[in-house]
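Welcome, and thanks for taking a look at this one. Please load the structure below and keep it open while you read.

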Amino acid sequence: MRPTRRTALLTAGLVTLLGLPATAAAAADPADLYVNSAKGSHCSDGGTGTKAVPFCSISAAAKVVKPGQTVWIAPDTAYPEKVTIDRSGEPGKPITFAAAEDQRNFRPSLAQGLTVAGASHVVIRKLQIGEGIQVVGSGDIELDQLFVGADEGLKGLVVGEGSTDVRVTRSELATVWVEGGARRTVLSRNQIYGVSIKTAVTLADAPETAVTNNTFVTSCEAALSVKGASTGSTVSNNVFVTWSREFRCTSPAPRTGILVAANAAPGVRADYNVITGPEVKMTPYTWAGTDYATPAAFKAGTGQGAHDILAPDYEAVGPKDGSPTIDSGDPTAPGVLPVDYYGKPVADDPRVPNTGKGGGYVDRGAFETQDDLSAVEPGVAPAWAPVGTKVKATAKPTSSWAAALTYRYDFGDGTPPVTTKATAAEHVYSAPCDCGVTVTAINAVGKEVSGNGSAKVTPAGPLTAAFTAEPNLPTNTSPLGGAKPLTMSFDTAVTAAPWPVTSMDVDFGDGETVHVDELYGTSHAYKSPGDYQVTLTLQDSKGAKSTVAKTVKARYAPSGYVASEPFRLLDTRTTNTPVQGGYPVPVQLPNSTAIRGHELSGGMASAVLNVTVTGATEDTHLSIWPSGQPRPATSNVNVVAGGTSSNTVTVPVGADGKIQAQLNSGKASVIVDFVGYYQPNIGERFSPLAPTRVLDTRTTGGALGGGKTRTVKVAGVNGIPADATAVALNLTSTGATQEAFVSAYPDPAKRPTTSNLNVEPGKDKSNQAIVPVGPNGTITLYTNTGSTHLILDAVGYYGKDGKALFTPVVPKRLADTRTTGKLAPGATTTVASIPSTAVGAVLNITATDTTAPGFLTAYASGGTLPAASSLNTLPGLTVPNHVTTQVGTGGKVSIFNSYGGSSHVITDLLGYFTTG
């Protein structure tokens with residue numbers, strides 16, 4: 001193969017063939033004109049052809065267009081008119097008619113043809129012409145990227161009547177006539193289809209015509225016919241695909257590739273053409289009345305076609321590997337363009353010898369074979385090394401012409417890129433960086449593709465293991481994935497590692513470990529909050545080792561509240577599987593897709609539940625705690641044999657997305673209703689209130705009857721803002737006529753199948769409920785049977801102006817008077833050990849061994865005793881209640897015992913609220 005070189009393809013005169021002005025305009029060109037007849041275009045032929053109000057017809061624009069103006073014609077639109085262009089541009093300032101957008105398959109269509117008559121300096125580009133084009137008596141006319149149809153008896157394109165310098169390029173043509181003394185016509189890079197037409201291109205009395213780099217597909221008498229006074233015409237670099245038969249071709253005449261009449265032959269030159277067909281039975285050449293079957297015979301008889309090729313396999317001809325057209329044309333032939341039918345540049349295939357004239361290269365036919373450069377895969381080695389190490393970047397291109405590529409290596413540290421023909425370049429970094437390395441491959445026609453790699457350049461020194469640990473908190477409410485509570489993220493980027501780390505071991509301090517073969521950030525979900533000794537051990541590619549250990553504090557994160565319409569999670573009565581004392585029962589929470597119809601956030605940290613125990617075989621209690629943790633020494637629901645008791649429970653979510661429920665002894669049925677959940681970065685803040693009475697049916701409205709509902713205003717009153725999303729209420733029943741349940745819910749039209757309070761005749765019972773706010777700031781109360789008086793005390797609300805976030809804790813006992821003595825009637829006990837920053841606390845308070853009916857009230861220590869109760873006490877019964885209360889200075893809560901009787905009081909902490 002000869003050395004690759006770019007051949008000068010065009011003379012200065014051919015530069016204007018591509019529409020480039022030869023000289024700069026002396027003054028600014030007039031504004032362009034627009035044509036658009038589509039519906040809604042607001043067109044008018046009586047206007048001025050602006051973009052806002054275009055002409056409806058091309059003819060209207062043709063009548064007023066001026067030198068230097070372009071008429072932009074809307075694509076994908078048919079114009080049922082015959083257009084005549086008889087106005088002229090000026091040298092360097094042609095008048096132009098062109099499609100407004102480059103859409104080859106949706107060009108504007110001129111249904112009745114186009115005539116250029118007596119005009120000069122005209123450009124027509126990217127149009128579809130239905131009934132042909134005629135160029136008569138005109139000069140300096142460019143016809144580019146057109147589609148011109150024709151059939152037998154119709155001349156698709158006619159250049160005649162003395163026209164000069166007409167250039168027809170990159171177009172799809174059915175038949176062409178150059179006649180009537182037309183001079184210096186150029187046909188270049190066109191597809192010309194003569195199927196069912198006797199002759200595709202006819203030159204008749206057309207001197208100095210250049211038929212160059214066209215692809216002919218014809219089936220009838222001749223692909224190209226030259227006759228008459230056509231001196232100086234050339235036929236170069238064309239591909240003639242000549243079919244020997246075609247059902248639409250009725251002519252009995254023999255098929256011919258190039259037909260030159262005797263009266264034209266002395267002035268015509270032909271070379272560097274390819275003639276082929278599915279069956280090479282035609283006559284390739286008929287010259288001055290003599291048929292020639294091969295290029296060799298043609299050369300011997302005429303002196304022409306010395307470089308012609310007769311190719312029997314037409315399917316192997318074209319812009320494809322192995323084609324005889326590649327780099328074998330005459331780059332100096334008249335009319336050669338630097339781009340092909342599609343606008344792709346002339347390109348030198350480095351795998352093919354340049355057999356064109358003078359060792360140059362241009363493909364024959366309308367199409368130019370291109371490099372298929374599509375990607376380059378970069379490599380960096382070593383990709384991790386200390387300052388001063390020699391780094392090599394490599395390039396692996398996806399290209400058929402890889403030998404002709406040039407590469408540019410940018411090492412990303414501000415130094416000048418390296419440009420070379422080599423597929424590798426070396427570099428030494430002078431400072432540490434995480435540098436992006438960009439490798440760019442460039443082919444001979446300027447197409448570039450890039451690939452990105454990286455180089456980690458480190459300070460020189462010993463391997464020193466280090467890490468930081470931060471809580472990994474969820475950021476959305478998707479049920480898919482989500483960070484579990486107590487998940488910690490470990491970032492090892494602070495490690496000093498001059499060479500690549502090849503081994504990393506992490507001991508998380510809870511019996512679990514992880515090993516990877518690189519330096520890698522990781523995360524770990526702990527099952528319980530606590531302080532853990534985490535150890536990181538590293539080894540690098542040079543064999544160096546380093547270990548570091550530090551204490552990591554895994555804690556529940558402050559969370560907002562997301563209210564949910566209550567729904568049932570578990571009811572062992574429906575499965576006839578009562579809970580057996582001493583055996584924990586796992587309960588799946590809706591923090592995934594496990595519970596269909598209730599797919600809630602995978603990142604919930606703590607759940608709010610209403611738990612009911614019924615049908616107990618003996619006096620017992622139920623404890624609830626996060627799955628994966630030890631059972632705490634606390635209780636949530638206390639029940640007597642044969643009785644029913646319920647309580648609200650706030651409990652952290654276990655690492656496996658579950659909680660555990662265990663009955664202390666005996667058997668009982670357990671019902672668990674889901675109420676809402678807390679999650680970091682999500683939901684509403686809470687504002688605790690001193691207990692405030694919202695409803696007391698003993699004084700307003702009378703008892704709530706069975707099967708009845710009552711709507712209660714809870715937001716926009718009593719210090720609770722109107723836009724609150726949920727309220728925390730202490731719900732108390734008294735004077736019940738029979739055993740029943742009470743439900744509190746937001747939407748009066750959507751009563752759930754859940755309950756909040758189980759009532760009994762002769763017993764005052766209470767339970768706390770967190771209820772979403774329904775229409776107009778209300779909630780709805782319902783009891784299923786009998787009647788009961790209800791008392792509602794608000795203890796806080798959730799909303800946009802809420803003040804505090806909730807931090808759950810593993811249920812923790814704060815105080816138990818059974819070890820210090822009963823709380824006397826009218827006495828107050830103070831509970832401490834709540835974080836001093838807390839403004840509110842969630843407690844489970846249990847009264848036991850009570851001597852007379854009464855109540856307990858929890859409130860902020862140091863504050864005013866409110867006129868409301870938190871828990872109703874009954875003699876002989878152990879009564880628990882979920883209590884949300886304000887917290888006083890020093891993290892203390894006071895619990896007041898009414899004057900009914902003495903009682904033991906047990907206080908468990910479930911979580912607390914802080915404003916931080």
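This is a predicted model: local features need pLDDT of at least 70, side-chain atom pairs count only at pLDDT 80 or more; totals for chains, interfaces and linings use all residues.

Residues are numbered from 1 along each chain as its sequence is written, and side-chain values use heavy atoms, with hydrogens and water left out.

**Disulfides**

- Taking a disulfide as a pair of cysteine sulfur atoms within 2.5 Å, the count comes to two.
- Cys43 and Cys56 make one of them, with sulfur atoms 2.1 Å apart; the torsion about their S-S bond is about 95°, so this disulfide is right-handed.
- Both Cys43 and Cys56 lie in the loop between strand 1 (33-35) and helix 2, so the pair ties together parts that are 13 residues apart in sequence. Helices (H or I, at least four residues) and strands (E, at least two) are DSSP runs, numbered from the N terminus.
- Cys43 is partly exposed at 24% relative accessibility, on a scale where buried means under 20% relative accessible area, exposed over 50% and partly exposed in between (1.4 Å probe, protein chains only).
- Cys433 and Cys435 form a disulfide with their sulfur atoms 1.9 Å apart, and -120° about the S-S bond makes this link left-handed.
- Cys435 is buried, with a relative accessible area of 4%.

**Nonpolar cores**

- A nonpolar core is a set of buried Ala, Val, Leu, Ile, Met, Phe, Trp, Tyr and Cys residues joined through side-chain atoms within 4.5 Å.
- The largest has 62 residues, of which Ile85, Phe97, Ile124, Leu143 and Val201 touch the most other members. Helix 2 (residues 58-62) supplies the largest share of this core, four residues.
- A second, separate core of 30 residues includes Ile624, Val637, Ile659 and Tyr677.
- Leaving aside neighbours within four places in sequence, the contacts (heavy atoms within 4.5 Å) of Phe97 include Ile58, Ala62, Ile85 and Ile124.

**Thr283**

- Thr283 sits in strand 28 (residues 283-287) and is buried, with a relative accessible area of 18%.
- Beyond its neighbours within four places in sequence, Thr283 is in contact with Arg255, Thr256, Gly257, Asp291 and Tyr292.

**Second largest pocket**

- Strand 64 gives the most to the lining of the second largest pocket, with five residues.
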